[in-house]
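Trainee: I would like to go through this model with you, one point at a time.
Mentor: Go ahead and ask.

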Amino acid sequence: MSRRRVVGVAALACVAGYVYVYASGRAGAPIRSDAFSYYVYLPAWTLYHDPTLEAVAADCCGGAFPTWTAIVRWPSTGRWVDAHPIGEAILIAPFFAAAHALTRWSNLSPDGFNLYYQHGAGLAGLSYVLVGLWFLHRLLSRHFSEGVTAATLATLLFGTSLLHYATYDSAWSHAFSFALCAALLERLDAHDAMVHQTGIVIGLIVGLIALVRHTNVIIPICFFAAMAAREFGTARWPTTRQLILTSAIVAAIVFTPQLWVYYRATGHWLISAYGELGFNFRSPHVADVLVGTQKGLFFWAPVLLLGVAGLAVVPPALRWWRAPALAVLAVDTYLIASWWDWQFGGSYGHRGFVDVYPIFAVGLASLFARVFGYPERRDADTEMERSPGRLRPLRVLLCVSCIFLCALSVFQMLQYWHGVLPISDTTWAQYRAAFLKVW
Amino acid sequence: MVKAAFAFGGVLALLAAIAYLRDPPWLIDVSSGLRPWQQTAAGVRYRWSGGHASFFVPSDARRIGIPIATTFDARGARPMLVTITIDDQRAARLVLNDGAWRRVLIAMPPRGSRRVRRVDIRTNVVREDNRGVQVGEIAIER
């Protein structure tokens with residue numbers, strides 16, 4: 001399947017889900033809960049011309065943001081500090097501009113929160129998931145057959161919570177981080193394939209990754225470290241060093257506005273607006289975030305186990321990705337498991353991991369390629385012919401498992417939308433009672 | 001040729017959608033910053049606004065009457081400045097010092113090129129849980 005067709009089919013599925021969510025009233029307006037505090041910079045900067053957020057607070061909320069917004073007054077300065085950074089607002093900006101133009105055209109209230117702004121932000125998240133899938137297709141089709149690439153993207157979209165974060169909770173940060181992670185991996189791979197590349201593009205992506213969610217900076221750090229370790233002392237090292245240095249400088253420049261936002265509000269360059277709430281590194285809930293019934297990554301998206309297994313059989317050109325991929329997954333797991341609210345509040349599956357789904361995609365594709373044909377794209381057909389009967393039972397098993405797990409994931413997502421599954425703290429008894437229960 | 005036809009059709013559809021959105025008939029039912037309808041013990045229907053609420057009235061209205069009130073109790077008793085604008089032009093401003101209902105009468109500007117006019121209500125303070133004023137049923141004189 002061509003890239004355009006794969007992304008087109010994904011777009012159809014996502015738009016259908018989005019229309020269903022809002023036409024049936026399953027969810028409130030897209031800019032709600034965490035999405036509010038990621039988004040609020042846009043109206044503050046462009047409509048109220050007030051980066052302190054005071055004017056938005058006055059207009060929306062009578063001068064004080066509600067506690068659920070995670071926007072708090074910094075004790076020593078009395079100024080508003082948003083716990084969520086500015087990156088998502090920057091990425092939404094083009095959609096916001098279109099929404100504002102439509103607002104003026106229809107004479108709606110230009111308050112930053114009418115239905116045009118709401119769905120501008122919602123559709124931005126949906127679009128960024130598609131952008132992420134586009135980058136993943138570009139990356140995977142460089143190493144795997146079209147069939148493997150299409151199967152991987154379909155499994156990722158329908159077998160995990162990605163579809164949920166492209167539709168129901170599309171204005172949360174995860175759709176944006178997913179796209180940026182996919183773009184980073186694709187650009188790093190393009191560099192590795194000696195495709196003409198500058199560090200500026202990669203630096204922009206890295207800067208945005210840090211701007212959307214600070215802790216995701218572990219992704220470029222791990223991959224750059226692995227790249228440096230692999231190529232240090234080789235003929236390619238000067239080029240690679242140049243790429244890493246340029247990327248780091250550009251990323252630092254891109255991140256500067258966030259530092260200014262923090263400094264202006266608090267008098268400090270780097271802060272945590274969560275106050276006493278934060279990481280608890282001494283008692284991480286590792287088992288809970290991976291396999292627990294409440295939010296366990298593999299409990300709610302077991303198909304991702306195939307993605308982890310597949311990292312053992314990545315094709316030779318991507319073999320150096322194993323160490324950084326595993327390091328990212330390990331560090332990310334530890335960080336998420338150490339967060340005071342390790343469930344990350346209400347979500348379908350564990351939303352903390354959506355950002356790194358592109359890494360799982362590489363593992364998934366590798367496993368599919370190993371079972372359905374040899375990893376290298378040009379050998380795909382010949383290997384199928386070389387091992388006609390030996391792998392057939394495994395292929396059937398894998399096919400049936402993936403289809404079943406995708407169907408189960410979509411069904412459970414619909415259960416979540418319809419309130420059959422709780423938004424958090426799901427117990428085994430609740431899960432069993434709700435299993436395959438129609439709303 | 002087929003691609004060009006699709007592109008041309010797409011641009012036409014987009015232009016038609018934009019033209020339609022200038023004055024869509026459903027705008028009269030659009031509001032923001034207003035909670036669901038409630039009823040007082042005396043049978044008065046109202047909706048709580050937030051710090052800023054917005055809704056539409058027919059543009060052929062000659063005058064509109066907006067019943068408003070707010071609460072004064074231990075959780076919030078500061079006087080409340082309420083500003084009402086019609087299509088971003090200030091139309092009324094009043095201070096609420098007690099819990100009595102007031103009816104704000106606003107003479108509307110002549111009918112323009114749209115079917116509706118936008119009414120915005122802003123308060124300078126809010127009560128607990130981001131409640132601004134209670135907005136009753138709007139009376140429209142044509």
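This is a predicted model: local features need pLDDT of at least 70, side-chain atom pairs count only at pLDDT 80 or more; totals for chains, interfaces and linings use all residues.

Trainee: What distance does helix α11 of chain A reach from its first C-alpha to its last?
Mentor: The helix runs over residues 218–231 of chain A. At 1.5 Å a residue, 20 Å is expected, and the span is close to that. The value is 20 Å.

Trainee: Which residues of chain B lose the most area to chain A?
Mentor: The contact takes 24 residues from chain B and 17 residues from chain A. About 1500 Å² is buried between the two chains, with carbon and sulfur atoms giving 48%. Three residues together make up 27% of what the chain B side buries: Leu21(B), His52(B) and Arg118(B).

Trainee: With which residue does Arg122(B) form a salt bridge?
Mentor: The rule finds 2 salt bridges across the interface of chain B and chain A. In the one formed by Arg122(B), the closest N and O atoms are 2.9 Å apart. The partner is Asp59(A).

Trainee: How many charged residues has the side of chain B that touches chain A?
Mentor: α1, β3 and β8 of chain B each supply at least two residues of that side. By class, that side has 9 nonpolar and 7 polar residues. The charged residues number 8.

Terms used. Residues are numbered from 1 along each chain as its sequence is written. Chains are lettered from A and ligands numbered from 1 in the order in which they are written. Side-chain values use heavy atoms; hydrogens and water are left out. Contact means heavy atoms within 4.5 Å. Buried area is the accessible area (1.4 Å probe) that two parts lose on being put together, summed over both. A salt bridge is a side-chain nitrogen of Lys or Arg within 4 Å of a carboxyl oxygen of Asp or Glu. Helices (H or I, at least four residues) and strands (E, at least two) are DSSP runs, numbered from the N terminus. Ala, Val, Leu, Ile, Met, Phe, Trp, Tyr, Cys and Pro count as nonpolar, Asp, Glu, Lys and Arg as charged, and the others, Gly among them, as polar. The expected span of a helix is 1.5 Å times one less than its number of residues.
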